[in-house]
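My notes follow the structure.

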Amino acid sequence: MTRSLLLALSLCLPLLSGAQTAWPEKPIRIVLPYPPGGPSDIVMRAAGEKMLVSLKQPLVIDNKPGAGGNLGTAEVSRAAPDGYTWLVSTDTTFTVNPHVYKSLGFKPDDLIPVAMLTQFGQTLVCHPGVGVHTVPELVAKAKSQRMNYASGGLGVPGHLTMELLQSLAGFDMTHIPYKGPGPATQDVLGGQVPCGFLAGPTVLPHVAAGKLVALAVSSATRSPALPDVPTVAEAGIKGYEANFYLVAMAPKGTPEAVVQKFRTALLEALKAPDVIARLKASDQAVVGYDGAKTAAVLAADSKKWGEIARKIQLGLD
């Protein structure tokens, strides 16, 4: 290598180093592959206020719903790995969808795990007019007549939780998928669909107001927001447990220094007492795992949900 070339490279190194440490220099786009109002929306709007201070750039929340999270996820998988496009999604996009969709529109390894943000369950609710207040009452009613149930979409947590319940309890209800838990909740409130297995943050206000009856929660333990509502297992369905998570992902190839800076800002935001309280009120518990631990949890849950999907013969598109 010539002396002049070495000199040129040495002059460029500070510029390259500065370019790497300058991130972020413009607004950061966060793709949420679900409609507004769900767990991911609540988390990122709460955390975004804190991240604006630490990163000194605004976060642009971009809801891209469709195909159980696949559409928004596919868009992020194709984005430039420059730290200006990130995904915050329910874990089922990576633990369930690969087992049940013939075409995802992306490859799971096109994205890298950044962090696991929160854990949450689903709440089984019915319109008061249905006249059921417990899981055994719903099972008996569904065995005696044709009934429908609503979820936030094909292959999303609400769909999975009800299919698992039906498999274990031996009854059948017709699935009515919606584009997100918000629209599904509205139709259960209106009586168009009698029941739904839906995200806690979406239905909690209506349960508190007496407009919906909560029968059970899908998680292994009772929800702090609904301490009087049993788990499905406590309601008599032994072996039932369904927990879900929100995960942050980045396009493969995103520089590790940028990933680390984004992760730190995001997880620090989730430690703020007011954010923790806000999320607890929406039935979410902060997890705060790093990328490696997130990858391990996703791998274990992918195995679990893959076995369940095959058992209940869940196939989509």
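How many salt bridges does the count come to? I counted a side-chain nitrogen of Lys or Arg within 4 Å of a carboxyl oxygen of Asp or Glu, and by this rule there are seven salt bridges.

Before going on I noted the ground rules. The model is predicted, so local features need pLDDT of at least 70 and side-chain atom pairs count only at pLDDT 80 or more, while totals for chains, interfaces and linings use all residues. Residues are numbered from 1 along each chain as its sequence is written, and side-chain values use heavy atoms, with hydrogens and water left out.

**Entry: salt bridges**

I looked up E49 and found a salt bridge with R278, with the closest N and O atoms 3.5 Å apart. E49 sits in helix α2 and R278 in helix α11, 229 residues apart. Helices here are DSSP runs (H or I, at least four residues), strands likewise (E, at least two), numbered from the N terminus.

I then checked K50, which forms a salt bridge with D274, the closest N and O atoms being 3.0 Å apart. K50 is in helix α2 and D274 in helix α11, so this pair ties together parts 224 residues apart in sequence.

Are these side chains buried or exposed? I used under 20% relative accessible area for buried, over 50% for exposed and partly exposed in between (1.4 Å probe, protein chains only). E49 is partly exposed at 48%, and R278 is partly exposed at 38%. K50 is partly exposed at 30%, and D274 is partly exposed at 44%.

E234 and R222 also meet in a salt bridge (2.8 Å, N to O). I place both in the loop between β9 (213-217) and β10 (244-251), twelve residues apart. I also noted a network of salt bridges that links R29, D62 and E75.

**Entry: helix α2**

Helix α2 covers residues 39-55, 17 residues in total, and reaches 23 Å from its first C-alpha to its last. That is close to the 24 Å expected at 1.5 Å a residue, where the expected span is 1.5 Å times one less than the number of residues.

Where does α2 bend? I found a bend of about 35 degrees at G48, taken as the angle between axes fitted to the seven residues ending there and the seven starting there. G48 is one of the buried residues of α2, which also include P39, V43, M44 and M51. Just after α2, K56 takes a positive phi of about 60 degrees.

I worked on a 1 Å grid over the protein atoms alone: a cavity is a set of points where a 1.4 Å probe fits but cannot get out, and a pocket is an open set with protein on both sides within 12 Å along at least five of seven lines; lining residues have an atom within 4 Å of a point. Points are joined across faces, edges and corners, and a volume is the space filled by probe spheres set on them.

Of its 17 lining residues, Y34, P39, T90, P157 and P181 lie nearest the centre. Helix α2 is among the elements that give two or more residues to this lining.

The largest pocket holds about 260 Å³. It is lined by 19 residues, with Q119, P224, D283, Q284 and A285 nearest its centre. Helix α11 (273-281) gives two or more residues to that lining.
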